[in-house]
Amino acid sequence: MLPLYGTATATRGFDPAEPRQVLRLRSLKEGPKRPADMALVRHPDDFDKAASAGFISALLINDGTDALPRDNVLPRVVQVPSKFDYLYEGDILGFHLVSRRFRTLYRRTSAHNSFLVTDRCNHYCLMCSQPPKDVDDSWISQEIRQALPLVDKQTKSIAFTGGEPLLDWQDFMAVLSDCRDVLPQTAIHVLSNGRAFAATEVVKAWSGVRHPNLTVGIPIYAAVDNVHDYVVQAKGAFDETVLGVLKLKDKGQRVEIRVVLHAITAPRIAATCRWLARNLPFVDHVALMGLENTGFAIANDELLWIDPLDYQDHLAEAVEVLVASNVHVSVYNLPRCLLARSVWPYAAQSISDWKNGFMPECDRCVEKPRCSGFFTTGRPHYSRGIQPII
């Protein structure tokens with residue numbers, strides 16, 4: 001698993017009046033194009049080359065305790081441990097001067113880039129992988145807006161997640177407008193619980209952004225309101241969510257329905273998908289998703305864990321229902337050896353590259369190149385059905 005958060009070993013030359021910085025890494029050959037650009041340096045000998053290329057800032061990936069250059073070579077320098085040697089030209093970091101903490105916000109070579117918009121949420125989902133926090137993190141939106149113009153224009157897709165991104169919906173609409181203006185060719189996918197869209201003004205603002213490729217992924221965990229509300233720990237959530245979906249589709253917006261599969265939702269997944277096919281057949285996509293056993297899922301392990309082998313037939317029936325109704329469906333986060341063969345055409349390699357792994361048994365599997373693999377985060381559960389497909 002890639003470390004996306006860390007603490008700088010040493011820093012020098014940053015203005016204390018600007019404690020938060022957004023920094024983009026550049027190769028010595030590319031040179032700086034914006035004030036946020038830093039030379040990516042892996043050897044102390046390259047500092048002189050960076051200065052000659054026009055840089056005034058550099059990020060050094062090195063464990064040496066005396067690797068920083070002389071003050072008169074480069075004014076601003078950040079040194080990080082060698083475990084971050086995956087960082088590459090075009091990657092973007094968020095850096096906090098006082099704590100020396102930094103986060104990898106964007107990786108140019110990754111197909112799985114996402115921005116965390118907030119840790120706050122009006123749900124308390126039993127299996128939440130990003131447990132909500134009641135904190136003032138309004139600064140994150142500004143950091144994202146500083147980062148977006150630095151993102152490679154060829155990036156195919158970017159996701160926004162939380163928490164609930166639409167708690168401060170006016171601020172988030174400004175983020176989406178920036179995406180439209182600076183990344184018009186990039187597909188934007190927002191993960192939301194959908195309740196904000198019950199308000200007409202939010203739907204109007206969302207559709208008014210007019211991004212050419214904007215989708216919102218909204219969870220509906222059961223066809224029964226009290227089951228959905230129990231999973232998300234919010235009374236009345238089902239009704240607001242469904243109303244939000246209807247209002248979005250009335251405005252012609254792209255909507256994906258997401259269902260995370262665990263012991264509460266998986267046994268009734270066929271019934272849930274029959275309800276979706278009857279009541280929301282016009283949604284753009286339905287994603288049926290294996291559970292990431294991290295965050296609250298660990299605390300609620302006895303309540304949530306179910307071997308995917310035990311709902312294999314239910315899942316196959318659910319996919320069949322949606323396909324027969326011409327609803328676009330995908331299965332995420334479940335290895336192919338745990339799926340009925342009829343489901344394979346709909347199984348996607350969906351786990352983000354920084355937290356994706358395989359088991360030793362997988363090395364002999366002919367389906368490995370097409371398999372989702374496993375989450376490496378949290379405390380992974382492994383099915384009794386895992387075996388190589390020969």
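What is the volume of the second largest pocket? About 320 Å³. A volume here is the space filled by probe spheres set on grid points joined across faces, edges and corners. A pocket is an open set of points on a 1 Å grid over the protein atoms alone, where a 1.4 Å probe fits, with protein on both sides within 12 Å along at least five of seven lines.

This is a predicted model: local features need pLDDT of at least 70, side-chain atom pairs count only at pLDDT 80 or more, and totals for chains, interfaces and linings use all residues. Residues are numbered from 1 along each chain as its sequence is written, and side-chain values use heavy atoms, without hydrogens and water.

**Stop 1: the pocket**

Select Tyr5, Arg101, Arg103, Asp119 and Trp139. Of the 16 lining residues, these lie nearest the pocket centre. Lining means an atom within 4 Å of a point. Now colour β7 (92-96), β8 (101-106) and α2; each gives two or more residues to the lining.

**Stop 2: α2 against α3**

Show Ser141, Ile144 and Arg145 of α2 with Asp171, Ala174, Val175 and Asp178 of α3; they make the contact (heavy atoms within 4.5 Å).

**Stop 3: a ring pair**

Select phenylalanine 84 and phenylalanine 102. Their ring centres are 4.8 Å apart and their planes at 65°, so the pair is edge-to-face (centres within 6.5 Å, planes over 60 degrees apart). Phenylalanine 84 sits in the loop between β6 (76-80) and β7, and phenylalanine 102 in strand β8, so the pair ties together parts 18 residues apart in sequence.

Notes:
Helices (H or I, at least four residues) and strands (E, at least two) are DSSP runs, numbered from the N terminus. Rings of Phe, Tyr and Trp (its six-membered ring) pair if their centres lie within 6.5 Å; planes under 30 degrees apart count as stacked, over 60 as edge-to-face and the rest as tilted.
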